[in-house]
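This briefing covers a structure that is shown below. The points after the lead are grouped by topic.

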There are 2 protein chains.
Amino acid sequence: MLKKSLLSTLTCSTVLLCAAQNKTAENLVQYVKPIIGTQRMGHTYPGATVPFGMVQLSPDTDTIPYEMNGKYNPDVYKYCAGYQYDDSTIVGFSHTHFSGTGHSDLGDFLIMPTVGALKLNPGTEADPASGYRSLFSHANEVAAADYYKVKLDSYNILAELTATTRVGFHQYTFPKSDSAHIILDLMHGIYNYDEKNVWTYLRVENDTLITGYRVTSGWARTRTVYFAMTFSKPFYQYDNTNYSKKTVYRGFWGKWDQSYNFPEIAGRQIRAYFDFKTEEGEKIKIKFALSPVSTTNALANLRTETPTWDFDAVKRQGQAMWQNELSKIIITTNSSAEKQNFYTAMYHAFISPTIYMDNDSTYKGLDQNIHTAKGFTNYTTFSLWDTYRALHPLFNIIQPKRNADMVQSMLAHYNQSAEHMLPVWSNSANENWCMTGYHAVSVVCDAIVKGNAPFDENKALDACIATSNHRSYEGIGYYIDNGYVPEDKSGSSVSKTLEYAYDDWCIAQAAKKLGRNDVYEAYLKRSENYKNVWDASIGFMRPKMSDRQFRKEFDPMRTIDEGFIEGNAWNYSLYVPQAPDTLIAMMGGKKKFTAHLDSLFTMELPDKYFAETEDITRDGIIGNYVHGNEPSHHIVYLYNFTDEPWKAQARVRQILPMQYKNTPDGLGGNDDAGQMSAWYIFSTLGFYPIAPASDQYWLGSPAIDAATLTLENGNIFTIKALNQNDRNVYVQKVLLNGKPLNRRYITHNEIMNGGELTFYMSSKHGK
Amino acid sequence: MLKKSLLSTLTCSTVLLCAAQNKTAENLVQYVKPIIGTQRMGHTYPGATVPFGMVQLSPDTDTIPYEMNGKYNPDVYKYCAGYQYDDSTIVGFSHTHFSGTGHSDLGDFLIMPTVGALKLNPGTEADPASGYRSLFSHANEVAAADYYKVKLDSYNILAELTATTRVGFHQYTFPKSDSAHIILDLMHGIYNYDEKNVWTYLRVENDTLITGYRVTSGWARTRTVYFAMTFSKPFYQYDNTNYSKKTVYRGFWGKWDQSYNFPEIAGRQIRAYFDFKTEEGEKIKIKFALSPVSTTNALANLRTETPTWDFDAVKRQGQAMWQNELSKIIITTNSSAEKQNFYTAMYHAFISPTIYMDNDSTYKGLDQNIHTAKGFTNYTTFSLWDTYRALHPLFNIIQPKRNADMVQSMLAHYNQSAEHMLPVWSNSANENWCMTGYHAVSVVCDAIVKGNAPFDENKALDACIATSNHRSYEGIGYYIDNGYVPEDKSGSSVSKTLEYAYDDWCIAQAAKKLGRNDVYEAYLKRSENYKNVWDASIGFMRPKMSDRQFRKEFDPMRTIDEGFIEGNAWNYSLYVPQAPDTLIAMMGGKKKFTAHLDSLFTMELPDKYFAETEDITRDGIIGNYVHGNEPSHHIVYLYNFTDEPWKAQARVRQILPMQYKNTPDGLGGNDDAGQMSAWYIFSTLGFYPIAPASDQYWLGSPAIDAATLTLENGNIFTIKALNQNDRNVYVQKVLLNGKPLNRRYITHNEIMNGGELTFYMSSKHGK
């Protein structure tokens with residue numbers, strides 16, 4: 001058990017000191033390749049952000065409307081993160097982006113520098129010169145942690161971006177021009193549609209400072225984001241155009257001409273511009289701060305976080321923050337591709353949830369009121385159906401302070417909720433109810449079970465219980481009354497039943513820890529509800545109707561309309577993470593179960609079924625195993641409950657290089673707000689949390705030679721994989737702190753206490 | 001000089017004590033007839049409000065859209081205050097109303113109780129049963145200070161309203177019904193049009209509490225008002241309908257059915273309802289609080305101001321507040337009509353500006369940020385082109401604390417203004433730039449000159465100077481450069497030139513008082529700019545062009561397109577309140593001037609010209625003298641500068657009963673946020689401030705036998721009009737504190753020091 005000296009911990013209490021301390025350590029930031037996942041389905045973005053930053057300043061390569069002719073426009077999907085690697089133009093740089101999500105929003109406050117004739121529309125990729133967008137090429141593009149650079153070929157402008165937590169910092173190097181423009185497009189957005197912009201407001205405070213806000217009704221139904229924007233050089237004129245229908249009161253009564261250099265405008269569809277005269281090579285810099293609370297707070301954030309105009313210093317500071325986060329796990333491998341994959345996965349895992357409060361700890365709550373986060377940092381962007389599985393468990397190890405803050409953010413959400421529920425998929429003071437389950441429960445209970453709960457644990461458990469008993473929500477009433485969700489009452493009923501049962505088990509585990517035996521008993525019983533959708537006659541989970549009969553029509557290969565969501569019966573039937581042994585017994589015992597798993601990975605999925613799987617490329621599938629969607633993430637580790645655990649090891653080593661590559665198209669599916677990356681990190685380290693809210697991490701096959709986890713409690717946990725390489729993927733034996741580990745999992749405390757886990761690897765599987 | 005005892009002042013420091021103290025005094029509230037002015041052009045409303053209250057809870061009798069087929073709908077004009085006496089139906093009761101304005105907005109949060117089949121549209125007056133509106137008759141209607149009662153004939157529901165400063169209190173007495181509804185219409189508004197509702201949000205916190213907000217873009221461009229609403233009895237179900245185009249993200253992904261009893265909704269066009277079962281005679285009460293800041297604050301306002309469900313107690317408290325305000329001037333007259341007119345004028349004068357901050361002193365500022373009013377109460381609803389003339393001077397006498405707070409509110413506005421200007425016509429954290437001039441300057445400087453300036457006077461003067469030098473505003477640049485506003489550059493140029501010149505004189509007076517001689521000199525010079533639009537050849541002020549030539553076409557009888565606004569050259573040419581003597585000299589001396597004034601009152605205005613006068617009925621005009629609009633308000637007192645001052649006396653006594661009657665149609669024009677009423681109060685007392693920012697009040701003819709002004713400084717100023725009656729309108733002599741007053745004005749200090757002003761009245765004019 002190794003313990004870092006207290007002094008060392010303390011001296012690392014600030015980013016700059018850490019950066020200094022890490023000077024002699026390896027630069028890990030160099031391995032971060034934000035471009036990974038920007039092609040095809042990864043839905044990542046290449047722009048600048050600090051860890052968990054409120055600002056994600058990134059290029060948007062097109063502006064696809066969410067609707068075309070009143071109908072959903074499927075092309076919008078690939079622009080979830082605003083950027084598609086294959087595009088040839090950049091529309092501009094906006095300040096908010098989701099990372100890896102399968103639905104979207106945001107894209108606030110697009111900035112675009114241009115020279116020449118003013119164009120206030122974005123134009124089209126087919127005819128870039130018709131608008132303000134610019135051609136670019138990847139040859140002139142650099143995407144790094146908290147730094148993005150690109151040449152805007154249409155204007156001969158070099159664009160550079162960096163960010164602090166709440167401020168996007170732009171640096172544009174202009175050619176000589178008498179007509180240089182900075183466009184601020186308040187209409188732009190991701191998943192935009194005509195009605196999305198509820199209101200925008202812009203205020204020219206003086207010739208270098210602009211403030212304002214944008215209210216949108218998108219995936220977040222009622223979202224306001226405030227900003228303050230400063231220029232390094234005064235503009236000499238400015239104006240805006242309101243593209244929405246004229247509002248009637250404006251020109252009334254021959255009042256003051258408000259069309260030119262008028263310092264405030266409000267409306268639905270506004271684009272503004274600010275004009276400069278530039279010398280060759282002149283840099284115009286912009287600091288653009290956000291706030292969920294007010295323009296006053298945005299300006300305070302700006303002044304607090306970026307007191308100077310030193311772009312390079314801000315970039316250095318941001319990269320030092322990344323170095324600090326990345327160095328929490330130092331891996332040893334002779335593969336630089338592996339390092340790129342690993343640290344990019346760390347990077348993607350540490351982007352969201354995002355900080356959602358100002359420097360004065362105020363934020364907008366779900367009740368649309370301003371709250372102060374007392375004793376915690378408030379976060380948003382909770383893609384919980386994805387992230388409860390591995391991302392939050394990863395945080396409980398390597399980011400326990402942040403994870404506890406995230407739980408407290410969820411409890412604040414609960415307190416502010418009109419439905420009196422924990423979040424499902426929450427973003428920017430809004431709930432979009434996306435996906436199934438009430439998995440905040442898993443995150444809260446995992447934190448309680450693992451002792452990372454610096455809050456009122458009983459109140460937190462009460463919030464879980466209340467959420468799980470909200471009868472009108474997604475079939476919960478039927479679930480409580482019948483023991484399953486009837487498919488004719490609430491769609492995706494099998495997914496719901498299985499996930500509710502797992503979440504209920506989490507409640508039972510937390511209740512047990514808190515000594516609330518009645519809750520434990522009741523929820524342990526509820527956690528067995530998975531049995532009610534098991535059709536033993538066919539060996540699959542299957543949708544059941546209100547009359548307690550299984551639905552007649554059923555195709556276990558189909559993903560859609562069969563009672564599941566983002567998974568078919570082959571995958572989803574295995575979703576009993578809380579009771580693999582029982583599942584295996586139900587499925588006919590270990591041998592049969594092993595064969596079933598084998599088939600899953602080796603069968604051929606006919607093309608007609610692939611077309612139904614969501615969010616993933618063909619590469620995201622191995623046989624009928626769909627790694628690109630989350631319900632399967634624990635499956636490979638279920639081999640641990642059979643007599644052939646080595647199959648888990650082999651499959652993990654098959655999945656890792658297939659699904660995670662260090663290329664723009666390197667992600668087989670959406671990164672899903674870090675869940676895919678968290679799976680990668682766990683699996684690369686050699687273990688995985690099959691069932692969060694248990695303290696067990698089940699062993700796989702470490703894909704690096706060693707890893708050192710520097711924990712917040714000062715302990716160090718080291719993983720060694722002796723003789724590991726691409727062929728030596730099998731674990732012969734495992735020592736924990738030098739003693740044989742006679743089980744197939746390690747516990748949370750074993751990690752958090754520090755120590756050494758040693759895998760002896762071989763090309764042949766052991767027992 | 002009489003001084004109230006300190007004890008008496010102190011014991012009157014709370015409303016309730018005052019009410020107690022006044023128990024033995026006459027009930028003045030009985031004379032308040034809010035129905036006065038609700039017919040035709042008065043634009044007053046009959047509903048419930050406390051003095052300067054943030055809530056004005058009043059019935060709206062129709063919902064006329066601001067636009068029809070994309071064009072201004074002139075019928076909207078008569079609904080400026082929501083209520084027209086001649087209407088036969090009531091649509092419902094909304095919480096915000098302007099009093100007496102000539103343009104409008106507001107009408108927020110309409111509540112309507114109904115029984116029977118649910119109707120969610122308002123219906124039409126022609127077919128009331130087609131919607132939720134109800135028939136009513138004036139026979140079943142009571143409108144009093146802070147109390148309104150009406151029988152809703154269509155539903156047999158008795159509606160009663162009262163209010164505190166920030167809370168509207170409804171009491172509905174229902175018949176027995178299994179389907180009683182309370183409708184909350186978030187679409188309703190005054191001067192409504194399709195785009196006005198920017199966004200509304202509604203949240204059912206529990207079965208008696210609703211919160212939410214409404215964002216509008218109307219006369220106030222970007223206005224948000226928050227609410228909290230409680231029912232005295234739980235509703236058993238609720239729902240809402242969103243009448244705007246469907247927003248695309250809602251039904252997505254088969255998510256939770258949000259259509260029935262779903263506790264939150266946001267959208268552009270929402271009507272909600274809450275259902276009850278009622279017994280015969282059962283009362284359902286509603287407390288509805290507003291806030292400019294948040295729903296949290298609205299709820300805090302609700303709990304602070306209306307802690308119980310005692311409707312009668314709230315009404316008593318509100319009427320005690322009115323008694324307290326009204327008793328600041330106790331008049332003696334044997335005419336109960338006179339008392340009704342006088343105390344209704346006091347009532348209308350004490351409605352606006354309105355308090356615009358929460359109980360915790362926070363409010364939304366012009367910069368759309370939340371501010372805290374430190375050391376003052378923040379007000380809004382500044383109709384300054386109207387109210388600088390007599391309302392604010394009246395406040396400097398009888399409401400000095402409030403007037404100083406209003407000035408501080410204007411200075412806060414200045415500090416928050418993107419244009420760095422004092423308010424022109426400001427409302428709810430917005431500026432609508434309505435009407436000419438920069439008359440906040442007059443109000444600020446009047447307060448400084450009169451020593452009612454508990455703020456940084458030099459900063460206040462700087463704000464006046466900055467405002468007066470805003471070159472791009474309404475021709476000010478031309479005015480500064482040329483000494484007048486050229487008509488070809490900025491319309492209503494003569495009105496602007498005259499009003500700027502007067503305002504500049506105000507700056508000079510304040511500068512003189514503050515010892516800033518350079519400012520004094522410069523602005524005294526600017527104040528003479530009225531001379532630059534004087535056409536001696538025709539004896540009228542006349543629009544001048546950029547080439548310094550008078551415009552050729554000119555008709556001094558026309559109100560429109562002749563360089564004036566709300567007045568013709570006959571009236572407006574007399575607008576040199578700062579220098580009547582010079583004006584008289586310019587016009588050929590006292591004799592000629594007197595004849596000119598005589599003609600003004602006696603000439604016949606051909607009908608074709610009347611059609612152009614705005615805001616007034618034919619009764620609002622005497623000859624060519626237009627009392628219903630403000631530019632003439634000082635004119636009658638100009639006789640004091642001639643050798644025939646008694647003509648002022650006679651004309652005042654002619655105007656008073658003609659223009660102010662104790663009937664629904666009793667006001668000859670819009671009450672204009674209290675300015676018309678303030679003229680009435682001053683003139684009835686016997687003096688008038690021709691030029692605010694001077695300390696002089698010029699004498700007229702008191703129309704009551706006596707009046708006692710109880711001043712905030714503890715002094716008492718008494719006016720006696722001996723032998724006064726409808727024939728004895730002429731002043732024979734005047735004593736101030738027993739000594740002959742050998743001038744035609746009294747000064748501010750003479751009033752504020754307390755004392756007695758005695759008029760000796762006669763049927764024959766004196767000297």
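**A cis peptide bond and the chain pair**

B:Pro353 is found in the loop between α5 (336-349) and β22 (354-355) of chain B. The model is a predicted one, and in it the peptide bond from B:Ser352 to B:Pro353 is cis, with omega near -5 degrees. The points below begin with backbone geometry, then turn to chain A as a whole, the symmetry of the pair, and the interface.

**Backbone geometry**

- In chain A, the bond between A:Ser352 and A:Pro353 is likewise a cis peptide bond, and its omega is near -5 degrees.
- A:Pro353 sits in the loop that runs between α5 (336-349) and β22 (354-355) of chain A.
- A:Gln368 is a residue other than glycine with a positive phi, near 65 degrees.
- The loop between β23 (362-364) and β24 (370-372) of chain A holds A:Gln368.
- As background, most peptide bonds are trans, and most residues other than glycine have a negative phi.

**Chain A as a whole**

- Chain A contains 20 helices and 40 strands.
- Its C-alpha atoms fill a box of roughly 80 × 60 × 50 Å along the principal axes.

**Salt bridges**

- Over all chains, the whole structure has 62 salt bridges.
- One of the salt bridges joins A:Asp108 to A:Arg214, with the closest N and O atoms 2.5 Å apart.
- This pair links distant parts of the chain, since the two residues are 106 residues apart: A:Asp108 is in the loop between β6 (92-94) and β7 (110-115) of chain A, and A:Arg214 is in strand β15 (residues 209-216) of chain A.

**Symmetry of the pair**

- Chain A superposes on chain B by a rotation of 180 degrees, with 0.0 Å of shift along the axis and an RMSD of 0.0 Å.
- The two copies are therefore related as by a two-fold rotation axis.
- A:Val198 is the residue of chain A that comes closest to the rotation axis, with its C-alpha at 3.3 Å.
- Of the interface residues of chain A, 100% are also interface residues in chain B, so the copies meet through the same surface.

**Interface between chain A and chain B**

- Contact involves 59 residues of chain A and 59 residues of chain B.
- Interface size is often expressed as the accessible area lost when the parts come together.
- Between chain A and chain B the buried area is about 5,600 Å², and carbon and sulfur atoms give 53% of that area.
- Four salt bridges are counted between chain A and chain B.
- Among them is the salt bridge of A:Arg221 with B:Glu264, where the closest N and O atoms are 3.5 Å apart.
- Twelve residue pairs are in polar contact between chain A and chain B, counting pairs with both residues at pLDDT 80 or more.
- On the side of chain A that touches chain B, β14 (197-206), β18 (264-267) and α3 (295-305) of chain A each supply at least two residues.
- β14(A) gives the most to that side of chain A, with seven residues.
- By class, the side of chain A that touches chain B is made up of 24 nonpolar, 21 polar and 14 charged residues.

Terms used
Residues are numbered from 1 along each chain as its sequence is written. Chains are lettered from A and ligands numbered from 1 in the order in which they are written. This is a predicted model: local features need pLDDT of at least 70, side-chain atom pairs count only at pLDDT 80 or more; totals for chains, interfaces and linings use all residues. Side-chain values use heavy atoms; hydrogens and water are left out. Contact means heavy atoms within 4.5 Å. Buried area is the accessible area (1.4 Å probe) that two parts lose on being put together, summed over both. A salt bridge is a side-chain nitrogen of Lys or Arg within 4 Å of a carboxyl oxygen of Asp or Glu. A polar contact is a pair of N or O atoms within 3.5 Å; within protein, one must be able to donate a hydrogen and the other to accept it, and residues adjacent in sequence count only if both atoms are side-chain atoms. Helices (H or I, at least four residues) and strands (E, at least two) are DSSP runs, numbered from the N terminus. Ala, Val, Leu, Ile, Met, Phe, Trp, Tyr, Cys and Pro count as nonpolar, Asp, Glu, Lys and Arg as charged, and the others, Gly among them, as polar. Copies are superposed by least squares on the C-alpha atoms of residues with pLDDT of at least 70 in both.
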